[in-house]
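User: I'm new to reading protein models. Could you walk me through this one with some questions and answers?

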Amino acid sequence: MALRAEKKAATRTAIAHAATALFMDRGFDKVTVAEVGEAARVSVNTVFNYFATKEDLFFDRQDEVIARLAGAVRGATDPARAALALFRAELDSDEPTLGLHPDSPRFWKVVEDSPALQARLRLLGEAAEEAVATALIESGRPEPDAWWAAAILSGIDRTLHAQIRRDLQKGKPVSLVRAEVRETAERAYTAASRALA
């Protein structure tokens, strides 16, 4: 059973890598799922067995992205401090979804050039915020408060990611972007901690 799971994971990764290479080279809208299958040496049906939509191929780590902040705040006595701890850890470990590498402007250019990807990105943000609200409710925060607290925490998180994206697109060195976004995170989450107390 473990061997089968490993094989499935390897196939999924191979499909995602093939798709990413094509999308980065030609843009999202100019690549077909059939071309992704051909590049990954699998059938179109196999691609759809692993990825329900073409957008899922592009945002292949979307489940992790949606769950990450909710996982950090679930059960935390100070959700803003927990969110800050998560962001610090991601900065320190070079978490790939932060996009702190020189090639990330190419990734975001593909998103900017595709209305379908822009729409999916908005849906991912909404899903992540809903997951945070659910985690806060499950942790005992009353429902109306949980929703506005989730909006604050998710808004800070989106703003931090947008700061990284904008600064790298301006050509700032990764080391400077990392230092500046860390300062922003400290200020924003400290203010949120007071607001949510």
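Predicted model: local features only at pLDDT ≥ 70, side-chain atom pairs only at ≥ 80, totals over all residues.

User: Which class has 13 residues in the lining of the largest pocket?

Analyst: The largest pocket has a volume of about 960 Å³. Of the 31 residues that line this pocket, the closest to its centre are Phe-59, Val-65, Thr-97, Phe-107 and Trp-108. Going by class, eight of the lining residues are charged and 10 are polar, while the class with 13 is nonpolar.

User: Which element gives the most to the lining of the largest pocket?

Analyst: The elements that give two or more residues to this lining are helix H1 (2–26), H5, H7, H8 and H9. With six residues, the one that gives the most is H9.

User: And the largest cavity: which element gives the most to its lining?

Analyst: A search of the whole structure turns up one cavity of 30 Å³ or more, and about 30 Å³ of space lies in the largest cavity. Its lining is made up of Leu-98, Gly-99, Ser-104, Trp-108, His-161, Ile-164 and Arg-165. Helix H7 (104–112) and helix H9 (143–169) each supply at least two of the lining residues. The top contributor, with three residues, is H9.

User: How many charged residues are in the lining of the largest cavity?

Analyst: Let's sort the lining by class. Three of its residues are nonpolar and three are polar, and the number of charged residues is one.

User: How far apart in sequence are the parts that Arg-68 and Asp-157 tie together?

Analyst: The side chains of these two meet in a salt bridge, at 2.8 Å from N to O. Arg-68 lies in helix H5 (residues 62–73) and Asp-157 in helix H9, so the pair ties together parts whose separation in sequence is 89 residues.

User: Are Arg-68 and Asp-157 buried or exposed?

Analyst: The cut-off to know is that a residue under 20% relative accessible area is buried, and one over 50% is exposed. By that rule, both Arg-68 and Asp-157 are buried.

User: Is Glu-138 buried or exposed?

Analyst: Glu-138 meets Arg-74 in a salt bridge of 3.1 Å, N to O. The pair links distant parts of the chain, with Arg-74 in the loop between H5 and helix H6 (79–93) and Glu-138 in helix H8 (residues 115–138), 64 residues apart. Arg-74 has 42% relative accessibility, so this residue counts as partly exposed. Glu-138 reaches 54%, so the label for Glu-138 is exposed.

User: Which residue meets Arg-158 in a salt bridge?

Analyst: Arg-158 sits in helix H9, and its partner is in helix H8, 29 residues apart. Arg-158 counts as partly exposed because its relative accessibility is 39%. The N to O distance is 3.5 Å, and the partner is Glu-129.

User: How far apart are the end C-alpha atoms of H6?

Analyst: We can check this with a simple rule. H6 has 15 residues, so at 1.5 Å a residue the helix should span 21 Å. The end C-alpha atoms agree with this, as they are apart by 21 Å.

User: What do the buried residues of H6 pack against?

Analyst: Among the buried residues of H6 are Leu-84, Phe-87 and Leu-91. Residues three or four places apart in an α-helix point the same way, because there are 3.6 residues a turn. The buried residues of H6 pack against H5, H8, H9 and helix H10 (174–196).

Note on methods: Residues numbered from 1 in each chain as written. Heavy atoms only, no water. 1 Å grid on protein atoms, 1.4 Å probe; cavity = no way out; pocket = protein on both sides within 12 Å on 5 of 7 lines; lining within 4 Å. Points joined across faces, edges and corners; volume = space filled by probe spheres on them. Helix = DSSP H or I, 4+ residues; strand = E, 2+ residues; numbered from the N terminus. Nonpolar A, V, L, I, M, F, W, Y, C, P; charged D, E, K, R; others polar. Salt bridge = Lys/Arg side-chain N within 4 Å of Asp/Glu carboxyl O. Buried < 20%, exposed > 50% of the residue type's maximum accessible area, 1.4 Å probe, protein only. Expected span 1.5 Å × (residues − 1). Contact = heavy atoms within 4.5 Å.
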